[in-house]
Structure formats: structure tokens, C-alpha cells
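My notes follow in the order in which I worked.

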Amino acid sequence: MRKLSDTIERLARLRTRPDGLQPATSALRALDITGSNPGELTGWYSMPEKPKGAPPLVVVLHGCTQNAAGYDRGSGWSALAEEYGFAVLYPEQSRSNNGNLCFNWFSKPDVTRGSGEVLSIREMIATMIADHGIDRRRVYVTGLSAGGAMANSLLATYPEIFAGGAIIAGLPHGAARTVPEAFDRMRGHGLPDADRLQALLSAASPHKGPWPTISIWQGTADSTVADKNAGALIDQWRDALGVAARPERVETVDGQERHIWVDSAGREVLDLFLVRGMGHGTPLDTASGYGEAAPYMLDVGISSTLHIARSWGLTASFEKRAHRPQPASARAEAAGNSAGNSAGTGAGTGAAAASIFSAAWPGKAKPEGVKDVIEAALRAAGLMK
């Protein structure tokens, strides 16, 4: 029989929090931040039970209306971390800062080096390094939507801290300074041009390099954060990373397009995953055993968590576990419904390709080859001129 004190403690942990969200699961522990916390954020973390040496750290930022525990459960990050021996840190927003629990990526004080929410997260990372022996050379950050935009601002303001970042349905650093501007940018309106985006990155920190690698994930049916933002993110980073406007190559990964940019040394330093028919959310493959579907956590047959972790060298090579294939049309419908938006997949794949082609290559009867098709798609998405 359990002790009464143990029962009381367990019930206390299950109580609903003041913000109406459920508390963190047992996989996450509260972080006692030793430095300043001007952004007034809360920190949660998980550490592997038996780390082998100094573990890497992944900082994960939830989206609007989400919390740390819910995003962890949906994405599967701490489960993956326990299996492969790295640590995870979840900064968490509060309703007193933002009524919708969005990180304030559009508020200049919160995305300026040395202040606000970015400094709070910087102090959380410093606490993890000091208290848990994190390998400071292997710190990474990822996030969804407002969390993706804040992840990008962390990469811009503190690039010396991070080895890599992954931005899911996010926005460029410094693109908005007010709430109305934020909504405009989310719709793809008024985004700065490439020169201005690169200037905003250069002004964000005194860093001269090397820069973190950047991975961008975007659904083609996202009606919350327009896919023009993916092009703007590429424009913001390609000069610092020393890559051309065009990707070096395009490959298919779990049925989705991955566009890859390489630097002069031949390293893959920038990539873009375009997830066909996906609405607004984090792409998952629940058959992989990591994560579960929920609002804005979309089971579309590709696990961003696994692919991001693998690109950072955090996992041994893994084989995709056997599962029943789901038709692409069903996946796209599920993605749109789970994201809480009404964006459909439009016409069939052939018609969509023809539409992209005609918009990007006016006056041509048909593409001359695979290269033309790829370039047409990139132009239509605003990723190439």
C-alpha cells in the first residue's frame, strides 16, 4: 500500500495548473534557473538515465496554445533522448506573457541579444551546462510556429551557442515588430527582401562564424504560416552559410521533398523539407514509435523528430519500423484536419504540378527536364528568382 504522503504528492502533481493546462508529465523535471530570467519563462528538462560522457542538448520550443508536456508527448523528443542518451530542455511560455501561450517572436525586447525571452532561454541552457555536464559544443534548438520563429531568433542572437537548428513552420528573425505585423508576415505579406533579412541577421549578434546548420520544415497546405516564410528563412541564412540561391540537389525522403544546400567545403549546411498536403503543425510518423497525433502534431508519415535528430548526429542509424502505408490523400486530409484549418490539397498532384509550372515558367509549353520541374517549383514557392 502506498504511503499517504506519497499519494498526496502524486495527486498534487496531477492537479490542473492555473493556466488551465495539464502539468508536465513525469518525463520532464522542473528546471531551477540559476541566472536571470527577464522573459519570465518556465523551464522543464529530461536527462538520460545513464548518460555516456557529456550529453548533447536539444532545446525544444512549443507552439501557440501548447505547453512543454503536451509538445513533448506529441513530438516524442524525450523518449528519443532517453533511448539515445541526450538531454532535452523545454522552455515554456505563460499566459501572463502571452494569452495564447505564444513565444513573443514579434516583440523586439524578447528577441534582442541580452534581454527578454531569448536571454531567459540562454540562461536555461547555461544552467543545463553547469548542472548536468552538457557538451557545450553540441547544443541544438528546434521549435514549431511561434516556437519555430523564436528558435530562429535564438540562432540569430546567440549563434555561438548552437551547432544546429530546425525551424518548423517558423518565420524570419526581425520580420515583425508588432502583433498586426506578425499576422501579416504569417500570411506571407510584407516580408522583407533578401538583403534586409540578411542585414537583420548580421545585426542580431557580433558573431562572425562558424554558423549553426539550419533545417527548415514547411507544409504545402499550411494556411496559418504561409510557405513564403520558408523562402524568407532561406534568404535570411544563405549568405551567412555561404551557399548559392539554388539548392545543390533535391532528394525524396519518406515520400517528401528535401532540398539541400552545401557550402564550399561540401557540407550540408541548409535544407528544406516540403511536406506535401500538410497543414500547420509538426510532421510525425507515429508508426516510428516516437510521438502521438494531437492538434498541431500531424501524423503524415514522416517524423521530423527522427530526421532532425539524425541530421545532428544524435542517433545511430535507424531503420524505419514496418507499418501499414497510408494513402497520400488520406494523410493530407488528416494533416489539414489535425491542424485545425480548412486548407485542402486542391487538385490532384498532376494538376498542382502543372499550376506550379505555368506560374514559374510562363510561355513554355512544358519543362525540359527534371531540373526545370524543380526550379519551377522553387520559383512558385518564392525560393528562387
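**Entry 1: ground rules.** I am working with a predicted model, in which local features need pLDDT of at least 70, side-chain atom pairs count only at pLDDT 80 or more, and totals for chains, interfaces and linings use all residues. I number residues from 1 along each chain as its sequence is written, and I take side-chain values from heavy atoms, with hydrogens and water left out.

**Entry 2: the whole chain.** I counted helices (DSSP runs of H or I, at least four residues) and strands (runs of E, at least two), numbered from the N terminus, and the chain comes to 12 helices and 12 strands. I use "buried" for under 20% relative accessible area, "exposed" for over 50% and "partly exposed" for what lies in between, with a 1.4 Å probe and protein chains only; of the 385 residues, 52% count as buried. The accessible surface, from the Shrake-Rupley method with a 1.4 Å probe, comes to about 17,300 Å², and 51% of it belongs to carbon and sulfur atoms. Contact here means heavy atoms within 4.5 Å, and among contacts between residues at least 6 apart in sequence, 67% join residues at least 24 apart.

**Entry 3: the cores.** I then looked for nonpolar cores, each a set of buried Ala, Val, Leu, Ile, Met, Phe, Trp, Tyr and Cys residues joined through side-chain atoms within 4.5 Å. The largest has 47 residues, of which Leu57, Leu61, Leu89, Ile125, Met128, Phe162 and Leu270 touch the most other members. Elements giving two or more residues to this core include strands β3 (57-61), β4 (87-92) and β10 (268-275), as well as helices α4 (116-132), α5 (146-157) and α8 (228-241). Helix α4 gives the most, with 7 residues. I listed the partners of Phe162, leaving out residues up to four places away in sequence, and found Ile125, Val139, Tyr140, Val141, Leu154, Leu155 and Pro212. A second, separate core holds 33 residues, among them Val60, Phe86, Tyr90 and Ala166.

**Entry 4: α4 against α5.** At what angle do α4 and α5 pack? I read about 75°, with the axes 10 Å apart, where axes are lines fitted to C-alpha atoms over the stretch in contact and angles run from 0 to 180 degrees between N-to-C directions. The two helices are therefore roughly perpendicular to each other, a label that covers 65 to 115 degrees. At the contact, Glu117, Val118 and Ile121 in α4 meet Met150, Ser153, Leu154 and Thr157 in α5. I sorted these residues into 4 nonpolar, 2 polar and 1 charged, with Ala, Val, Leu, Ile, Met, Phe, Trp, Tyr, Cys and Pro as nonpolar, Asp, Glu, Lys and Arg as charged, and the others, Gly among them, as polar.

**Entry 5: backbone exceptions.** Most residues other than glycine have a negative phi, and most peptide bonds are trans. Leu101, in the loop between β4 and α4, has a positive phi near 65°, and this residue is buried at a relative accessible area of 1%. Ala169, in the loop between β6 (164-168) and α6 (179-186), has a positive phi near 50° and is buried as well, at 2%. Between Gly209 and Pro210 I found a cis peptide bond, with omega about 0°; Pro210 is in the loop between α7 (194-203) and β7.

Entry 6: Phe273 lies in strand β10 and counts as buried at 4% relative accessibility. Beyond its neighbours within four places in sequence, its contacts include Ser215, Trp217, Val253, Arg258 and Ile302.

Note on methods
Parallel < 35°, antiparallel > 145°, perpendicular 65-115°, else oblique.
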